[in-house]
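Here is a short walk through a two-part model, written for someone who would rather look than calculate. Keep the viewer open as you read.

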Amino acid sequence: MPPLAQRNLFHDKVRLTVTLTGIVFSVVLIVVQLGLFIGFTTATSGLIDHSGADFWITSKNVPYVEQGVAFSERKLNQVRAVAGVADAQKVIAHWTQWKRHDGGEESVQIVGFNVDDNLERPWNLVEGRVEDMKSPDAIILDELYKQKLGVTRVGEVFEIGGHRARVVGFTRGIRSFTTSPYVFTTFKNAQSYARLREDQTLFILVKVAPGASLEQVRRDLLGHVKDVEVYTTAEFSRMTTFYWMFTTGAGVAVLIAAALGLVVGFVVVAQTIYATTMDHIREYGTLKAMGAPNSYVYKVIMKQAAISAVIGYVLGMIVSAFVVHASQAGGAAILMPPSMAVGMFFVTLLMCVGAALVSINKVTRIDPAMVFKG
Amino acid sequence: MQPAIAVRQLTKTYAEGSTGTLAMRGVDLDVHAGELLMLVGPSGSGKTTLLSIMGCILTATSGSVRIAGREVASLREKDLPAIRLQHIGFVFQGFNLFPTLTAGENVELMLDLKGVSAAAAKKRAQELLEQVGLGVKYDSFPADLSGGQKQRVAIARALAGDPGIILADEPTAALDSRTGRTVMEMMRELAHKRGRAVVIVTHDARVLDFADRIVKIEDGAIAKASDVDAVPPGLLVHGMPLAAASLA
């Protein structure tokens, strides 16, 4: 086929620019919003997903990790007595107050765990070691929140929940969905910081022995330990994500913004492709008069849409990559997994092809007799 | 020999409100291969409607239209493009070239529609442009061609499909007298030397002497011989010799 679609598309540079701007805007908006959604989702459940546990045991009716309700740590022994349990540890995740050197206070989420165990340890350490937390009052936090908490270096001492806390290390990229940073410490310190009694915990994390049936262990745990819920890590992760993303409406707002990006892109592309089609309507009439079937004309329009989509996608992804990169230093990460990048290509293509259908509808109705009218 | 186009008792009514406008009233007409026929008549008389129906662009309300022996009046609209593609080449008053394609690509487009491979289409397009004297203009865009050159490219494009019938709507209207005659010589050659049935709608009295036959359309019907005037001596109007003077 002679390059009619390409020539028509590139002939009017201004219109092409408008079309591509619309697609790029749409791609960037969708990527940013979906990236934020994925970033938020990852942040809300990061603590659970990185726990290394098979089960999270909570008090009854705990809807998400930040809403843990204290229960007696004596249940830990009951849990350990259940067949198929390879490891069980007490864990605390609780809001408390951080006092800055300038006297200001910040809300933080204290995460208490057993330093000698592998469950719920901080990850991505860039300074210090987990073992350093064995020293009294040791804490590790994420470098993202240094400024917020007024921290400049390892060794500084602060006050959490009225108790002394000393920074022994930093992690990278452990974000909190709420604005309260995670502060990792020993279980015992966490009890003090969170003002829990010495015999209380908020969660018990369970690692199941290799070969043991998860369902059987869960049934046994529920049978042996009273007044608790037993969730798999995936279940508790989903519950927490669902709460923050949908019950609070935060995720819905982000998804609506992503959908708006799609709508804006669709409208801009539909409008410009339609205008281009109308500019060339007589040519399409000529094509039909010459004997071209509708499918031939559709192909020309679809090709224009597809070329616009590919160029718009590439440009949009370049801009998005910059935005995603820039977000890594901020409190709200925009994540773009490879699957999303690939998916965006098809979304862009569908958006442009869908937009072209408006023009196709118009072309279908062209009366080829128009070619004889002047 | 069967006519390239055979029209019998053709009527065409355009819907207009609750009534309709009768644009063609019982037209009978044959056009043969090797013949150059001109349709003349006042504006709104139905010339272009007749051309459009013969070109399978419009459908008749009633009557019969046979193209190369095949009845097309009863065909569904979606079947008509294939008939046009196979049998008919069009030449338009406004040339209707694709402005973003070169002269060569305009011709190639027709060949592409016919399913000719890209390489073969390029070669054939070059040959066709050479036949109309525009071999060197293969890579020129329509905007860089004169009116006469554009019309010659349009003729080359019409010929690309190797149709038995060429239908032209006012092909000289946008051209000066000399260029118009050049184009008409080309059309006559298509009929006489290449055996095409050529039908031309025209208001241009300067080119009437190229016709083998002139048919005057008036009020949607073929005018009686006595109604026709202004035709150059020696020509036939709907098969009848005339000696008259003005057309429109």
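## A serine in a loop

A:Ser176 sits in the loop that links strand S8 (163-171) and strand S9 (182-186) of chain A. Helices (H or I, at least four residues) and strands (E, at least two) are DSSP runs, numbered from the N terminus. With a relative accessible area of 5%, A:Ser176 is buried; that word means under 20% relative accessible area, with exposed being over 50% and partly exposed in between (1.4 Å probe, protein chains only).

Its side chain makes a polar contact of 3.2 Å with the side chain of A:Gln109. A polar contact is a pair of N or O atoms within 3.5 Å; within protein, one must be able to donate a hydrogen and the other to accept it, and residues adjacent in sequence count only if both atoms are side-chain atoms. Not counting residues up to four places away in sequence, A:Ser176 touches A:Ala43, A:Gln109, A:Tyr145, A:Pro181 and A:Tyr182, where contact means heavy atoms within 4.5 Å.

## About the model

This is a predicted model: local features need pLDDT of at least 70, side-chain atom pairs count only at pLDDT 80 or more, and totals for chains, interfaces and linings use all residues. Residues are numbered from 1 along each chain as its sequence is written, chains are lettered from A and ligands numbered from 1 in the order in which they are written, and side-chain values use heavy atoms, with hydrogens and water left out.

## A serine in a helix

Now find A:Ser327 in helix H10 (residues 294-327) of chain A. A:Ser327 counts as buried, at 9% relative accessibility. Its side chain reaches the backbone oxygen of A:Val324 at 2.7 Å. Leaving aside neighbours within four places in sequence, A:Ser327 contacts A:Arg175, A:Ala332, A:Ala333 and A:Ile334.

## Inside chain B

Chain B has six helices and 12 strands, and 56% of its 248 residues count as buried. Four strands make an open sheet in the order S2-S1-S4-S5, with antiparallel pairing. Strand S2 (19-31) and strand S5 (70-71) of chain B are at the edges with a single partner strand each, so one side of each has no neighbour in the sheet. Strands pair if DSSP finds at least two bridges between them; S1 (residues 5-16) and S4 (residues 62-67) of chain B have five, in the antiparallel sense. Here B:Ile5 stands opposite B:Ile67 in S4(B).

Helix H2(B) is largely enclosed by the rest of the structure, because six of its eight residues are buried. Those are B:Leu80, B:Pro81, B:Ile83, B:Arg84, B:Leu85 and B:His87. They pack against helix H9 (281-289) of chain A, as well as S4, S5, strand S6 (88-91), H3 and strand S7 (165-169) of chain B.

## Where the chains meet

The interface brings 25 residues of chain B into contact with 22 residues of chain A. The two chains bury about 2,200 Å², 68% of it on carbon and sulfur atoms; buried area is the accessible area (1.4 Å probe) that two parts lose on being put together, summed over both. On the chain B side, B:Phe98, B:Thr100 and B:Leu113 lose the most area to chain A, together 26% of what that side buries.

The rule finds one salt bridge across the interface of chain B and chain A, a salt bridge being a side-chain nitrogen of Lys or Arg within 4 Å of a carboxyl oxygen of Asp or Glu. B:Glu105 forms a salt bridge with A:Arg7, with the closest N and O atoms 2.5 Å apart.
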